[in-house]
Amino acid sequence: RRQQLPHMTCINLVTAAALLILCCFAQPVISFPVAAARQLHKIAPMANHACNCQDDNTERNNNSGPLENLCLTSLRACELMTPLIASIYDELILTSSSSTGSDGVQKTKKDNSAFTIADGTVQRLLIKCLFSNVAFRDIVGEEDEGEEEDDGIDDNWWYQVQGLIIPKHVQPLVDSTRIQIESLAKNLLVSNSNESYYSKLTMFIDPIDGTREFSNGKGEQCSICIGFADEHGKAIAGVVYRPLSKPSPTWVAGAKREGYASHNFEEEEEQSTTGAVLSTNGSISPFVESLIAELDVPRIKAGGAGNKMMMLLQQSISVANKEEVSKTHRGHLYIQDRGVSRWDTCAAEACLNAFGGQLLKLTDFLEDEKDGYYTYLASQTNLDFIPNTANLTKYNSNLQDLPSPAQKAQDVCQVKAYSNLCGLVCFGKEFNTQEGRKYLRDAIRKAAAINAPSLD
């Protein structure tokens, strides 16, 4: 046996070598369909909240249209920011359960909405780093910090966000993320030849859509919303990115004019074939209650307009892929008579349009039977204001003191420039037919006859 051992070892080595050669030749055949599928669907690979796919994105950007180029670059930036966002989220969860609380990393704004250091930092990284060399017509972000002179921006400025100090152990991650995004901007945007086209676009940013959920331990419901509108104020391209989805980030991106529509959802998650009305985690209006009853569908609570749009779109795609239910109305709906803002809906509207859906004004859809879209342009006054329509609230009012009892806005100066005052109706491709629209409009009218939309 001892004499045979070397002989057997030689045979095993020869066999192993042969298998290794076969594997080397077989590997391209096995891996090619995966690579081809990613290229076909334009899905950037995800791993550990961020992927090292800059070269892949660079190649695709060079072969894409100007709007798709913006989407791909925005997606890559979101990937790079994900570890930082996750770190801040962990800090919020940790400090909220401690005796000192989380006041050092979050606060409440004047309109009672939440603000965290993630909101301010993400917006700064997008405006001051990623798109600082792109001469857009305008950039509108939710977190207004006023005009900042570039000469006054130093390292310390990056660590202070609207009176809040970024924890010292998080600051190195801010620095490394900033360097990565500046490199991304240099490689993917500065060298392109779309300057004149981009100069007509307005960008709307919600750095953390669903901040309330982000600060309350429901981070999977928050999203980064980056939308682009043309010179007429029409949303034409956008990215909605959920950085804290499990097991990895999920996103949608689209630009209908260039035939670009891409998504990355959790493939293993089975979607229901029963449609629902998506609503806020909080209370809903009597109108929405009546609508749910009229449609006879369940209510699904979720935070963030961008997140709800993604839930709607994921369900829409799932329904479309199932022939046995493709002719029935089983997609989700997001119908809201209470106010959100332009930065909440610009990217969502562009993405829905790219996938065959719609985001429309509730007032126009209900009364005029026409498609009414919000106007996404920088302005000192609300470009979609209709007198005596919306109720004044702390969320949409410019007044220091709200009238009591509540009153409808009579003058455009009474309301914030970017408040969506006309409600919204969101639906997927399965409803975007003459039959589907009639079904929705009839249900909305019946609900409105019982309880009129609040429009507050």
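The chain exposes about 21,700 Å², of which carbon and sulfur atoms supply 51%, the areas coming from the Shrake-Rupley method with a 1.4 Å probe. This is a predicted model, in which local features need pLDDT of at least 70 and side-chain atom pairs count only at pLDDT 80 or more, while totals for chains, interfaces and linings use all residues. Residues are numbered from 1 along each chain as its sequence is written, and side-chain values use heavy atoms, leaving out hydrogens and water.

Of the 456 residues in the chain, 52% are buried, that is, under 20% relative accessible area. The chain holds 13 helices and 17 strands, taken as DSSP runs (helices H or I, at least four residues; strands E, at least two) and numbered from the N terminus.

Helix α3 (residues 66-96) packs against helix α4 (residues 117-130) at an angle of about 150°, their axes lying 11 Å apart, where axes are lines fitted to C-alpha atoms over the stretch in contact and angles run from 0 to 180 degrees between N-to-C directions. That angle makes α3 roughly antiparallel to α4, a label given to angles over 145 degrees. The contact (heavy atoms within 4.5 Å) involves residues including Met 81 and Leu 84 of α3 and Val 122 and Leu 125 of α4, and its residues divide into 11 nonpolar, 3 polar and no charged.

Helix α9 (residues 286-295) and helix α13 (residues 434-450) pack at about 130°, with axes 8 Å apart. Among the residues that meet are Phe 287 and Glu 294 in α9 and Tyr 439 and Lys 446 in α13; by class, this contact has 9 nonpolar, 1 polar and 2 charged residues.

Technical notes. Buried means under 20% relative accessible area, exposed over 50%, partly exposed in between (1.4 Å probe, protein chains only). Angles under 35 degrees count as roughly parallel, over 145 as roughly antiparallel, 65 to 115 as roughly perpendicular and the rest as oblique. Ala, Val, Leu, Ile, Met, Phe, Trp, Tyr, Cys and Pro count as nonpolar, Asp, Glu, Lys and Arg as charged, and the others, Gly among them, as polar.
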